[in-house]
Amino acid sequence: MRRKLVAGNWKMFGLKTDLGEIEKIAAAAAANPQVDVALCVPFTLIAPAVAVAAGLPIGAQDLHEADKGPHTGCISGAMLAELGATLTIVGHSERRADQHETSHDAWAKAAAARRHGLKVILCCGETEAEHNAGRAERIVQSQIEKSLPDLAGPEWLTLAYEPRWAIGTGKTPSLEDIAAMHAIGRAKLRTMVGDAADGIRILYGGSVTGTNAEAILATDNVDGALVGGASLTAEKFVPIIEAAARVSR
Ligand code: PGA
C-alpha cells in the first residue's frame with residue numbers, strides 16, 4: 001500500500017519569522033508517523049528550515065537543469081543538496097505560466113534533481129480552457145509522457161495532479177473527476193514504467209484545505225496532497241496531516 005504524502009508548497013512566502021510554523025508542522029508530522037510529510041520552502045529558507053525541522057523533509061520548489069555554469073540567479077541540484085534539501089518540486093504550473101517552462105524543461109530538471117539524490121514531485125495539470133474544452137486527459141497524458149525522466153521509480157518520483165484552475169482559487173474538481181484523472185495518470189505511468197507505476201504516489205493539488213482534505217485523500221488513486229495556501233501555517237496545515245492520518249488507519 002502506498003503511504004500518503006502531504007507536501008506543503010510555500011511558494012514565495014516565508015521569512016525567518018515563520019520558522020516557528022515549521023517547528024509546529026514538524027511536531028505534527030512526528031505525531032502522525034503513519035503519514036509522510038514534507039515542506040517545500042523558498043531557497044532562502046531551506047537551510048534555516050532544515051535546522052529547525054527535526055527530521056521533517058525540507059525541499060525546494062525548482063532547480064536549474066545544469067549542475068553548474070554561467071546561469072545568473074539560478075540554483076543547482078548540488079546547491080540544494082548541500083543546504084540539506086531532500087526533495088524538489090518540478091514543473092509546477094506557476095513556473096509553466098510565469099517562467100514559460102515546458103514539459104521538456106521539467107524532464108531535464110527532474111533528471112538533474114535525481115543526479116543529486118533529490119526526490120522529485122513532478123506536477124502536471126490542465127488549464128481551465130483545456131478543462132472546459134474536454135482536453136484535460138490528453139494534456140495530462142502528454143505532460144507525463146514528455147516530463148517523466150528515464151527509469152522513474154517510486155523511490156524518488158511522486159506525481160502531482162494539479163488542475164491549474166483549482167490552484168489558489170477555492171475551486172476543486174468533483175471527487176469523481178479527481179478519481180478519473182488520477183486513474184488516467186496511473187494508466188499513463190504504467191505504459192511508461194510498467195509495474196513500478198503501482199508504487200508511484202500521485203498527489204492531488206489545488207485548493208486542498210482542512211475541510212476537504214479527508215474526502216479527497218480517501219479517493220481512489222489519491223496518495224496524498226500538494227498544498228499551497230493552507231500549508232503556510234500550522235493551524236491550517238496540521239488538520240490536513242491529521243486527515244491523511246485518519247484515512248491511513
Ligand atoms: P493551493 O496551491 O493549495 O494554494 O491551491 C497548490 C499548489 O499550487 O501546489
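Let's start with A213, which is buried, with a relative accessible area of 0%. Buried here means under 20% relative accessible area, while exposed is over 50% and partly exposed is in between, using a 1.4 Å probe and protein chains only. This is a predicted model, so local features need pLDDT of at least 70 and side-chain atom pairs count only at pLDDT 80 or more, while totals for chains, interfaces and linings use all residues. Residues are numbered from 1 along each chain as its sequence is written, and side-chain values use heavy atoms, with hydrogens and water left out.

A213 belongs to helix α9. Helices (H or I, at least four residues) and strands (E, at least two) are DSSP runs, numbered from the N terminus. If you skip residues up to four places away in sequence, A213 touches V208, I240 and A243, where contact means heavy atoms within 4.5 Å. A225 sits twelve residues from A213 along the chain, and their C-alpha atoms are separated by 8.0 Å.

Now hop over to A244, in helix α10 (residues 234-247). A244 has 0% relative accessibility, so it counts as buried. Setting aside neighbours within four places in sequence, its contacts are K4, V6, V35 and L217. For a sense of distance, take L87: it is 157 residues from A244 along the chain, and 20 Å separates the two C-alpha atoms.

Next up is helix α8 (residues 175-193), with 19 residues. From first C-alpha to last it reaches 26 Å, close to the 27 Å expected at 1.5 Å a residue; that expected span is 1.5 Å times one less than the number of residues. Among the buried residues of α8 are I178, M181, H182 and L189. The buried residues of α8 pack against α7, β6 (157-161), β7 (201-205) and α9 (213-217). Just after α8 comes G194, with a positive phi of about 65 degrees.

Helix α7 (residues 136-147) is where you'll find S147. With 1% relative accessibility, S147 counts as buried. A polar atom of the S147 side chain lies 2.4 Å from the backbone oxygen of Q143. That's a polar contact: a pair of N or O atoms within 3.5 Å, where within protein one must be able to donate a hydrogen and the other to accept it, and residues adjacent in sequence count only if both atoms are side-chain atoms. Beyond its neighbours within four places in sequence, S147 is in contact with R96, S103, A106, W107 and L122.

At the start of α5, a side-chain oxygen of T102 comes within 3.3 Å of the backbone nitrogen of H104. After α5 comes G117, whose phi is positive, near 75 degrees.

Finally, on to the ligand. Which residues come nearest to it? Of the 13 residues around the ligand, they are K11, H92, E162, G168 and S207, where being near takes a heavy atom within 4 Å. A polar side-chain atom of K11 is 2.7 Å from an oxygen atom of the ligand. For E162, an N or O atom of the side chain lies 2.6 Å from a ligand oxygen, and for G168 a backbone N or O atom lies 2.6 Å from one. The protein covers 95% of the 280 Å² of accessible area that the ligand has on its own.

Key
Areas by Shrake-Rupley, 256 points an atom, 1.4 Å probe, with all protein chains shown as cover.
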